[in-house]
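Thanks for coming. Please look at the sequence and the structure on the screen while I go through a few details.

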Amino acid sequence: MKKSHLSRRITWRVIGIILFFNVLIVGVIAAFVSFMSLGNGSVRGQYVTDGIASNVETMFRLAKTVTFNNRTVVEANMDSPEHIFGALEQIIKINKHLAGCFVAFEPDYFKGQGRWFEAYAYHTDSTNVDFRQIGSPQHDYFNGAWYQRGLSLARTDEGYLTDLYYDDTVNSGMFCSYVVPVFDRQGRKVGVYGVDLSSEMLNIAIDETMNNVRKEFMVDAQGDIGDDGDIYFSIQILDSKGNRIAGSDSLDISILKGEQELVDSELDMKDLKGTPYYVNTKQLGGTGCTLVVFQHRDLVFTWGIVIAIVILFCMGVGCLVIFFFTSRSIHRATKPLAFLSESAQEVAKGNFDASLPTFKRNDEIAQLRDSFGIMQQSLKQYMEDLKVSTTAKASIERELAIAHNIQMSMLPKTFPAFPDREDLELYAALVPAKAVGGDLYDFFIRDEKLFFCIGDVSGKGVPASLVMAVSRTLFRNVAAHTAEPNHIVETMNTNICEGNDNCMFVTLFVGVLDLQTGHLSYCNAGHDAPYIEGKLLPCDSNLPIGVTETCQYSKQETDLVSGTTIFLYTDGLTEAENANRDLFGQQRITDIVTAFKGSPQELIETMTAAVHQYVGDYEQSDDLTMLALKLTMNSSNNNCNI
């Protein structure tokens, strides 16, 4: 493409001015060579040590944060090895910077798993995660210092960060671990939970810094800058015994045994050949390791001069002078743009028919004028299209609002639900994440039995709302003919599976409560177990409905006494996220339900307020549904078999 007249004029003028003043600047730079060299080398060495140390210490702080944030997740899943592995897999998938995470339990914690049980999850590559049980007589972690130290800590104590150590149990390499104790539901200390960080993080931090140094000072991959064989720049990390554990191996610190003196807070050392080096060191907090940066004296005095002079003088005086002359030149060359600017302001005010100036020239300004003409026509068309799209959007929003009202009208929403009964209090609430959602609840009384359910359809929006409507209708129709909750769930499953081309499913809990005897029969289809008097109700692990037509669902039973409160909810409660993407979690629900003594409505309102306080202004991520009921019958039965 032929270069335009305007671009050619501006380019030659800028180049001419820059060349002229650069000649003057180079002469001034020479006067500051000796003064700037030592200071620049000192700043560079300190910058490198601070930067690498900051990166490494940041990784350690992240390990600490991950460990404490996820300890409650681990403790909530210690009822079986499978749940432990699932929790660790979830943690390691979210935190890709970790080498692995683990839970090591006290001897014979899980019956049938043997004396040693240490669950370990780790990254096999950048996308895949694996887990295994690594406790064994060969990997006897009970005698490990990390395990004993972690087990000695209290819950409120800081965790323990180990020194770097070599481990080949899963992936061979150097690691350090951050560990904290874990406790069971009774508050007993039962093991140690922690995360692993690989020493590769140290080499990555060092390599990034070395790459910057190589680009800036033309230092090659071995740190050489000349042909004399001397190493001009090297970064190493040493353990507490002075052995190198990371960084370049091109320079052996053990040869720096010659002369030593302190120069401007840096240690000036000479090796056995008399080669001079400046050495910067810094302790890596909490690890017992030392970061060491070596700079050849020639490197400090040669390249430090260029960096200091170019940055300080050229960026200061030179740029001001160049700016003064080039701005005047460019202003003269681009003066016609002022006329075009006036026309553009008229267009910006909404006058799309404003006339544009004409130029007798063939350069970018003329092309810009033509582009403005095209833009005027495009803006006019865009405004017309915007009116149409705005109208269509408003229509969709109205339809969604109507769909929302229809969906909400299908659910019981009048409370108290049974104002003429004194033996039952019931309250429920549903807040969809979108205009319409996939959560549902329902209840009714037939033959002195309370039939109730709560469910969560996979997905969100309109598809989930349609499945929700079908599920609620099926519950009403089926429960009108049978009082067996497993028969209700099986019939609903058969109907949902028919024509389920989109493979949608529903987690569902169905209960039938005899209001005269307090006898509760229930069936759970993959839903979160409800709370009864602060304790989770034992539920069989049945599949959600809609997965397969051949699934058989089990019936479970228990007896309730007067005053018993049942609290049901969907996973929108446990998985409510705050701005840091942290979950509300099971433990917070347990704490609130255990301490609460009021009515079902007050319980749901208290739980809703707790979720809103935790989430803040962060957008609701899932439908939130809760149902609570309290049995207030007069009964001589004082047992609650849960």
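Is E557 buried, exposed or partly exposed? E557 has a relative accessible area of 48%, so it counts as partly exposed. Keep in mind that this is a predicted model.

E557 has a partner. Its side chain meets that of K555 in a salt bridge, with 3.7 Å from N to O. K555 is also on the list of partly exposed residues, because its relative accessible area is 33%.

As background, side chains of opposite charge can pair when their charged atoms come close. How many salt bridges does the structure hold? The number is twelve. I will take two more of them.

One is between E89 and K93, whose side chains meet at 3.3 Å, N to O. Both residues sit in helix α3, which covers residues 81-94, and they are four residues apart, about one turn of the helix. E89 has a relative accessibility of 21%, so it is partly exposed. The cut-off for buried is under 20%. K93 is partly exposed too, because its value is 45%.

The other one joins R472 and D442, again with 3.3 Å from N to O. This pair links distant parts of the chain: R472 belongs to helix α9, D442 belongs to strand β15 (residues 439-446), and 30 residues separate them. Are these two buried or exposed? R472 is at 17% relative accessibility, so it counts as buried. D442 is at 0%, so it is buried as well.

Now the whole chain. It has 13 helices and 23 strands. Of its 642 residues, 45% count as buried. If you take contacts between residues at least 6 apart in sequence, 65% of them join residues at least 24 apart.

Back to helix α9, this time with a neighbour. At what angle do the axes of α9 and α10 cross? The axes of α9 (residues 461-479) and α10 (residues 485-497) come within 10 Å and cross at roughly 135°. The two helices are therefore oblique to each other. The crossing of α9 with α10 is right-handed. On the α9 side, the contact is made by V470, S471, L474, F475, V478 and A479. On the α10 side, the residues are H487, I488, T491, M492, N495 and I496. By type, the residues of this contact are eight nonpolar, four polar and no charged.

Last, some backbone details. Most residues other than glycine have a negative phi, and most peptide bonds are trans. Which peptide bond here is cis? The bond from F415 to P416 is cis, with omega near 5°. P416 is placed in the loop between α8 (364-410) and β14 (424-431).

Two residues to look up for phi are D447 and C503. D447 is not a glycine, yet its phi is positive, near 55°. You will find D447 in the loop between β15 and β16 (449-457). Its relative accessible area is 60%, so D447 is exposed. C503 is not a glycine either, and its phi is positive at about 55°. C503 lies in the loop between α10 and β17 (506-514). With a relative accessible area of 62%, C503 is therefore exposed.

That is the end of my part.

Notes: Residues numbered from 1 in each chain as written. Predicted model: local features only at pLDDT ≥ 70, side-chain atom pairs only at ≥ 80, totals over all residues. Heavy atoms only, no water. Axes fitted to C-alpha atoms, helices over the stretch in contact; angles between N-to-C directions. Parallel < 35°, antiparallel > 145°, perpendicular 65-115°, else oblique. Left-handed = near helix turned anticlockwise from the far one by under 90°. Contact = heavy atoms within 4.5 Å. Nonpolar A, V, L, I, M, F, W, Y, C, P; charged D, E, K, R; others polar. Salt bridge = Lys/Arg side-chain N within 4 Å of Asp/Glu carboxyl O. Buried < 20%, exposed > 50% of the residue type's maximum accessible area, 1.4 Å probe, protein only.
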